[in-house]
Amino acid sequence: MESRDAKRVTIMDLGAAVVAGKVSMKDIADGIMGGGAAAADDDNIFDTAEPRGGDTSKNSRMSTNIRTSSHSGHSTKRRTSLQGDHMGAEIRMSMSMSTRMTSRISTFIGVDSSAANLESGGGGHTDERRTRRNTEHQMTVGEHIDALAETVVNTNLEQAWFLESCMASPTCQRICFPAEHATRTKRQAADGNGPDNAEGGGKGKTLGADGSDIIWFGLEDFTCSGFSMVAVEDMALEDPSIYNVLGMTISLHRKTSVQRYCLQFPKANMPQGVGSQEVKSLVRLLHRCDHVNILCCREVFEDQDRIYFMYEYYPCCTMRSLYQSQTWTQEQIVNLARECCAAVAYATSIGLQHVGLTSSHILIPASAAKGGDPIVAKVFGFGLMGIVQIDQHDHLAWAPESLDRYNASLKDGSNFVLRMDGALRQSCDAWSLGVLIFTLAAKNPPFRDDAAVLQKKWQFSIAFEMLDAEAKTFVENFLNSIAEKRSRPAKALNHEWIRKRWRSPAGDEDVFRKLEDFVYAPLPKRLFGRFLTRFLAAEHLRAIAASFYTLDTQGTGVISVRELVQIAKANGRPQAAASAIFEWLAAPGGGSITLLRFAEAFAEEVIDGRALRHAFESLDDDGSEVVSPEELYEVLQEMDGSLTLAEVVRHIADAEQQVATLAGASKGDGYASGKDDQAIDYGEFCQLFPVRVQRMAVMSNRIDTERTTAEDLSGRFGSYRKKIQDWIAKLRGVVETIRKLSDTTIERTEAGSEAAKALKKEFSRLQDALGNAPGPFDAFEFQNMVQRAKKDFQRRQFGDDSPGHAKNKGKHKKEEVQVNSDLLGFDSFLQDISVCDSWSSMILPEIRTLKQALNTTNKLAGRVDQFKAHDVAEAVIIKVTEVIGKADIQLEEYTSFVDSMAAPEVTITGAMGGVQLSGRGIRQRYGDDDRGDDGPQDEGDEGSGGMMARFISDVTSRLSAH
C-alpha cells in the first residue's frame with residue numbers, strides 16, 4: 001500500500017477514469033455514501049492512502065472488482081491487484097464505500113443491485129478486449145445513468161406486480177402486453193418451439209405460461225388472421241340448429257368484412273391417434289374441395305387452444321328443420337337427391353369421406369323455408385370425422401358398419417374412423433345418402449333408433465306411392481344390407497329416376513357466349529373478375545349458379561371439357577372456344593370448372609351493395625378513399641406475374657369509355673366526376689362495371705319516372721283533399737241533425753210532427769251531397785259517367801246481346817277506355833266509390849217512405865206517422881254513417897300513399913353504396929392488433945398499441961372530424 005502523502009486524485013482524474021471505463025458512476029456514488037466515515041478527514045476522501053484502524057475486512061473489500069463498461073450491456077466481475085497505482089487505490093477505496101449505498105438504494109426502490117448492474121451495461125473486459133485493437137464503443141456517464149434509470153422505471157412503473165399473471169393468458173396478454181403478444185411467434189420460432197416447428201407425423205408441443213403443453217399443428221395463427229367472432233346474441237341465423245347442433249358461429253374479417261362460418265374444435269378433445277400429419281392432410285384436401293353443392297372450407301387456423309375451420313357463409317336451414325313441413329314437388333326432391341349425390345361423389349373423388357352424415361348436414365337455402373325453390377343445397381362436414389370429431393348428435397343416418405364400430409370404440413376410446421378403409425367409408429356414405437333421400441320423400445326417416453339401424457330393417461312408407469316407381473329402386477340401391485353391393489353416388493347420377501325428372505336449365509347458348517367473351521377479354525379484366533369472387537355474397541353465387549347449371553348437363557356439379565365441347569358443337573361455336581374457356585377457368589390440377597371459377601365471368605354483373613364496397617376497401621389500404629392504378633396492379637399482379645401496369649391503366653380507361661358510351665356521353669365531356677387525377681374514388685370504382693352501370697341507369701330512369709308520376713299523383717290528390725274533407729264534414733253535420741230530429745219525432749207533441757216534416761229537407765241535402773262527391777268532374781259530366789258505367793255493367797252482365805250494343809259497339813269501346821282512365825285517379829277515387837256503391841240512389845227508398853209517412857194522416861188535423869218517420873231516419877243514419885266511414889278510410893289510405901311517395905325512406909344513392917355499406921369502423925375485439933394478411937406487425941411498431949390506445953385514437957379522430 002502507498003503512504004498517506006500519496007498523490008491526490010482530482011475530479012478531472014475521476015471523470016477521465018469513468019470515460020475510460022475504469023470506474024462506473026455507481027462506484028463513485030457508493031464511495032460517497034459509504035466511505036466518508038473511514039477517511040482521515042472529510043476534505044481528503046480522495047487521497048491515495050490506506051484506511052485507518054487496520055480494518056482487514058474493509059481492506060479486503062478495497063481489493064474489489066473494477067467495473068468497466070461494454071457496448072453489449074452485460075456485467076462481469078474480475079479481481080485484480082492494483083497496488084502501487086495511486087488512482088487504483090482511491091478507486092478501490094471508493095468501491096469499498098459503494099456497497100452500503102447500493103444496498104440502501106436497491107432496498108428503497110426494490111431493484112436487485114446485480115440486476116441493475118446488468119441492465120446498466122457494466123462488465124469486465126478481457127485482456128484481449130483491453131488491447132489497443134479494441135475499438136468498441138464505450139458507454140458514457142449519461143448512458144450509464146440512463147440504463148440504471150430505465151431499469152428502475154421498467155421494474156416499478158411499467159410492469160406492475162398485478163400484471164405479471166396476464167402474461168400467462170393469451171387474451172389478457174393481447175390487452176396488457178400488445179407488443180409481446182404481437183411478436184410471440186417470432187420469439188418462439190427463434191427458440192425453436194413455435195407453431196411452425198411441428199414436425200410431420202407428430203404433434204408439435206410448446207410449454208405454456210401455466211406449465212401445460214401447447215399443441216401446434218403447423219397451421220396459420222388465428223390471432224393473425226384478421227377475423228373476429230360475432231357474439232352469439234348478434235348472429236342472425238335463419239335456423240338456430242346451425243349453431244345449436246352443428247356448432248358453427250359467424251366470424252367477420254376486420255379488413256375485408258368477409259363473413260365466414262367458423263367451426264371451432266378444442267385441441268384437448270382431439271381424437272386418439274391424430275397428429276399434425278393428419279391435420280395438414282385434411283387441410284390440403286379441404287382446400288381442394290370446391291363444389292357448388294359442398295359448403296367449402298376457405299381457411300383453417302389455430303391458436304394454442306383450438307383449431308378454427310372457416311367455411312363460406314351461406315344463409316340456410318338444415319334439412320332436419322324442413323323435411324316434415326316441406327311441400328316440394330317430385331322434381332324438386334329429385335334435384336335435391338341429385339345435388340347430394342353430386343357432392344358426395346366429388347368429395348370421394350378427391351379422397352374425402354363424411355362417415356357421419358345426418359339430416360342436419362344437408363343445408364338448404366333459407367328461401368326454401370318460405371316456400372322458395374330449394375335449388376343449390378349444400379352438404380357440410382366432409383373429412384371432419386376421425387380427425388377433429390368422433391361423434392354426431394344422432395345416428396339415424398349412420399351406416400350400420402360405422403355405428404357398430406362406434407359402439408365398440410366407446411369401451412376402449414379408440415378412433416374407429418381411422419381404422420376403416422376407404423372402400424368401407426364410401427359404402428357408409430352411400431347408406432347415409434339412401435337414408436336422407438328416403439327421409440326427403442317420406443318426410444320421416446326409415447329408422448327410429450340406433451337398434452333399428454343395426455338390424456338393417458326398414459320398409460317403404462305410403463308416401464312412396466305418390467312418386468315414380470324408379471324412386472324405390474333408387475333408394476334400395478343405397479340401402480343394400482351388403483356394403484360392397486351398395487350403389488356409388490357417381491353411378492346414381494345416371495339413375496332412371498334422376499334422368500326422368502331432371503334436366504339442365506335452358507339458356508346454355510347465351511351463357512357459353514358470355515364465357516367466350518370473357519376468356520378473350522384483356523388479362524386485367526379477367527384477373528379483376530377473379531379478384532371480385534373473393535367478395536361475392538351467398539346470394540350472388542346462388543344467382544350465378546342458375547347460369548352454371550345450364551352448362552352442367554351431366555348434373556355432377558362441375559363442368560368438364562367434354563360438356564363444353566358438346567355445347568359448343570350444338571350451338572355452332574368453334575371447339576377452340578371451348579378449349580380456351582376450359583383452359584382459363586379450370587381449377588389448377590382439378591380437370592373441371594367449379595362454381596367459384598365460373599363466377600369470374602359473372603362477378604362484374606352481379607356484385608353490388610356491400611360486396612362492392614368491401615372490394616373497394618380491400619384495395620384502399622390506407623383509408624384515403626381513393627385507389628390508384630398502382631394499388632390495383634399490385635393486387636392483380638399477385639394472380640398473374642405477366643401483368644403490366646400499362647395493361648391495368650388501359651383497362652381502366654376502356655371501362656370508363658364504355659361507361660361513357662352507355663351513358664350517351666363522350667369521354668371528352670368529362671366522364672364521371674370530371675377528374676383526371678389517376679385516382680379512383682368509390683363512385684368512379686363503381687363505374688368500372690359497365691353491366692352494373694347499365695343496370696343502374698335503367699333503375700335510375702325508372703326511379704325518375706316513378707318520381708314524376710308520384711309528383712303528379714300527389715298534386716292531383718292535394719287539389720281535392722280539402723274538398724273531400726269538407727264534404728265528409730258536411731255529411732257528418734247533416735247526419736247529426738237527422739239524429740236530433742229523429743229523437744224528436746217520437747214525442748207526442750207538435751214538435752214531434754214538425755221534426756218529422758223537417759226530415760224531408762235534410763234528406764234532400766243528403767241526396768244532393770251523395771250525388772255530387774268531390775272530384776275532377778262536374779255534376780252533369782259525372783252523371784253521364786254514371787250512366788255509361790251502368791251500361792257497361794249491363795253489357796258485362798248480359799253479354800253482347802244487350803239492347804243497342806251492336807249499334808254502338810265502336811263508340812262504347814272508345815268510351816270504356818276513356819272512362820277507365822278517368823275513373824282510376826288519385827283525384828277521383830271518391831267519385832269512383834260513389835259509382836261502385838250507387839251513392840246517388842242509396843237513400844231513394846227512404847225518401848219515398850218518408851213521403852208516405854207525411855201523407856197517411858188527416859191533413860186537416862196536421863198529423864203525420866211519426867214512428868215511421870223515426871224508423872226511416874234511423875235507416876238513413878246507418879247508411880250514411882257507412883259512407884262516411886268508407887270515405888274516411890280511403891282518404892287516410894291515399895294520404896299515406898302520397899306521404900310515402902313524397903318522402904321515400906331509401907333512395908337509389910343510399911341503397912347502392914356509401915358509408916353505410918362500409919366495413920370500416922368495425923370494433924376491435926379482445927384487444928386484437930390491426931394486422932394485415934401477412935402476419936403480425938413488426939417489432940417496435942408504434943401502431944401496435946393496445947385496445948385503449950386504439951380507442952383513444954378512434955375517439956380523437958371522430959371528434960376532429962366534427
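## A pair of packed helices

In this predicted model, helix H31 passes helix H35 in a left-handed crossing. Two packed helices are described by the angle between their axes and the distance between the axes. For H31 (residues 750-770) and H35 (residues 844-855), the angle is about 160° and the axes lie 10 Å apart; because angles over 145 degrees count as roughly antiparallel, H31 is roughly antiparallel to H35.

The contact is made on the H31 side by Ala 756, Lys 757, Leu 759, Lys 760, Phe 763 and Gln 767, and on the H35 side by Leu 844, Glu 846, Ile 847, Leu 850 and Leu 854.

## The nonpolar cores

The largest nonpolar core holds 159 residues, of which Tyr 261, Phe 309, Phe 598 and Phe 685 touch the most other members. Helix H14, which spans residues 422-442, gives the most to this core, with 12 residues.

Leaving aside residues up to four places away in sequence, Phe 685 touches Phe 528, Leu 612, Ala 615, Phe 616, Leu 619 and Ile 680. A second, separate core consists of 42 residues, including Leu 713, Ile 724, Ala 769 and Phe 826.

A disulfide is a covalent bond between the sulfur atoms of two cysteines, and the structure holds zero disulfides. Cys 289 is in no disulfide, and the nearest cysteine sulfur, that of Cys 296, is 5.8 Å away. Cys 289 is buried, with a relative accessible area of 5%.

For Cys 340, the closest cysteine sulfur is in Cys 341, at 6.9 Å, which is too far for a bond. Cys 340 is buried, with a relative accessible area of 5%.

Technical notes
Residues are numbered from 1 along each chain as its sequence is written. This is a predicted model: local features need pLDDT of at least 70, side-chain atom pairs count only at pLDDT 80 or more; totals for chains, interfaces and linings use all residues. Side-chain values use heavy atoms; hydrogens and water are left out. A nonpolar core is a set of buried Ala, Val, Leu, Ile, Met, Phe, Trp, Tyr and Cys residues joined through side-chain atoms within 4.5 Å. Buried means under 20% relative accessible area, exposed over 50%, partly exposed in between (1.4 Å probe, protein chains only). Helices (H or I, at least four residues) and strands (E, at least two) are DSSP runs, numbered from the N terminus. Contact means heavy atoms within 4.5 Å. A disulfide is a pair of cysteine sulfur atoms within 2.5 Å. Axes are lines fitted to C-alpha atoms, for helices over the stretch in contact, and angles run from 0 to 180 degrees between N-to-C directions. Angles under 35 degrees count as roughly parallel, over 145 as roughly antiparallel, 65 to 115 as roughly perpendicular and the rest as oblique. A crossing is left-handed if the near helix is turned anticlockwise from the far one by less than a right angle, and right-handed if clockwise.
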